[in-house]
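Work through the exercises below with the sequence and the 3D view open.

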Amino acid sequence: PLHGRLFMQWLHHAYPRECPYPHLSGTSRPATPEQWSRETGLQIDADAATMRWHISEAEAAGRAQQVNSSTAAAVEELPWSAEEELFVSRPVALDEMGDGGKGQMASAGRGIMMIALACSMSLTL
């Protein structure tokens with residue numbers, strides 16, 4: 001199904017910057033950077049020394065991968081979970097909303113106004 005978690009997971013692997021990873025319901029708790037900072041007590045921004053450390057670690061990992069790939073074929077697997085969840089939202093019925101049919105009256109009124117508008121425009125031509 002197009003509205004399922006597996007399709008969204010495939011989209012994330014095909015377009016990782018545009019499509020977020022679809023976590024299973026109840027397994028993650030999204031937070032803004034400010035909320036995360038308040039909860040953990042850590043800074044949101046990294047200082048220059050921390051950034052240089054991450055760059056040197058990435059370069060070292062890249063060199064290690066080149067050495068390993070020359071000796072054996074490196075197979076990089078994508079993280080994939082086969083649990084499926086369908087994301088379906090059903091509209092609330094008018095009777096369940098408890099508006100006593102006011103939504104139907106408003107819809108009929110808009111339809112009549114559109115017909116009146118079309119008639120008035122055709123008369124001016």
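## Exercise 1: The salt bridge

Arginine 29 is exposed, at a relative accessible area of 65%. Exposed stands for over 50%, buried for under 20% and partly exposed for what lies in between, with a 1.4 Å probe and protein chains only. The model is a predicted one, in which local features need pLDDT of at least 70 and side-chain atom pairs count only at pLDDT 80 or more, while totals for chains, interfaces and linings use all residues. Residues are numbered from 1 along each chain as its sequence is written, and side-chain values use heavy atoms, with hydrogens and water left out.

Task: Which side chain meets arginine 29 in a salt bridge?

Step 1. Recall the rule: a salt bridge needs a side-chain nitrogen of Lys or Arg within 4 Å of a carboxyl oxygen of Asp or Glu. Side chains of opposite charge can pair when their charged atoms come close.

Step 2. Apply the rule. The structure holds one salt bridge. Arginine 29 and glutamate 39 meet in it through their side chains, at 3.0 Å from N to O.

Step 3. Arginine 29 is in the loop between α1 and α2 (33–40), and glutamate 39 is in helix α2, so the bridge ties together parts ten residues apart in sequence. Glutamate 39 is partly exposed, with a relative accessible area of 49%.

## Exercise 2: The elements and the totals

Task: How many helices and how many strands are there in the protein?

Step 1. Count them. The protein has five helices and zero strands, and from the N terminus on its elements run α-α-α-α-α.

Step 2. Of the 125 residues in the protein, 7% are buried. The accessible surface is about 11000 Å², and carbon and sulfur atoms hold 61% of it; such areas come from the Shrake-Rupley method with a 1.4 Å probe, and for residues only the protein chains shown count as cover.

Step 3. Look at the contacts, where contact means heavy atoms within 4.5 Å. Among contacts in the protein with a separation of 6 or more, 61% join residues 24 or more positions apart.

## Exercise 3: The buried residues of helix α1

Task: Which residues of α1 are buried?

Step 1. List them: Arg5, Gln9 and His12 are the buried residues of α1. Seen down the helix axis, they fall within an arc of 55 degrees, so they line one face of α1. The arc is taken over the directions from the helix axis to the C-beta atoms.

Step 2. Take one of them. Glutamine 9 has a relative accessible area of 0%. Apart from neighbours within four places in sequence, glutamine 9 is in contact with Tyr21, Pro22, Pro79, Trp80 and Ser81.

Step 3. Look at the segment before α1, where glycine 4 is found. Glycine 4 is buried as well, at 0% relative accessibility. The C-alpha atoms of glycine 4 and glutamate 85 are separated by 5.7 Å, although the two are 81 residues apart along the chain.

## Exercise 4: The aromatic pair

Task: Is the pair formed by phenylalanine 7 and tryptophan 10 stacked or edge-to-face?

Step 1. State the cut-offs: rings of Phe, Tyr and Trp (its six-membered ring) pair if their centres lie within 6.5 Å, and planes under 30 degrees apart are stacked, over 60 edge-to-face and the rest tilted.

Step 2. Compare. The structure holds one aromatic pair. The ring centres of phenylalanine 7 and tryptophan 10 are 6.0 Å apart and the planes stand at 20 degrees, so the pair is stacked.

Step 3. Locate the pair. Both residues lie in helix α1 (residues 5–14), three residues apart, about one turn of the helix. Phenylalanine 7 is partly exposed at 30%, and tryptophan 10 is partly exposed at 46%.

Methods. Helix = DSSP H or I, 4+ residues; strand = E, 2+ residues; numbered from the N terminus.
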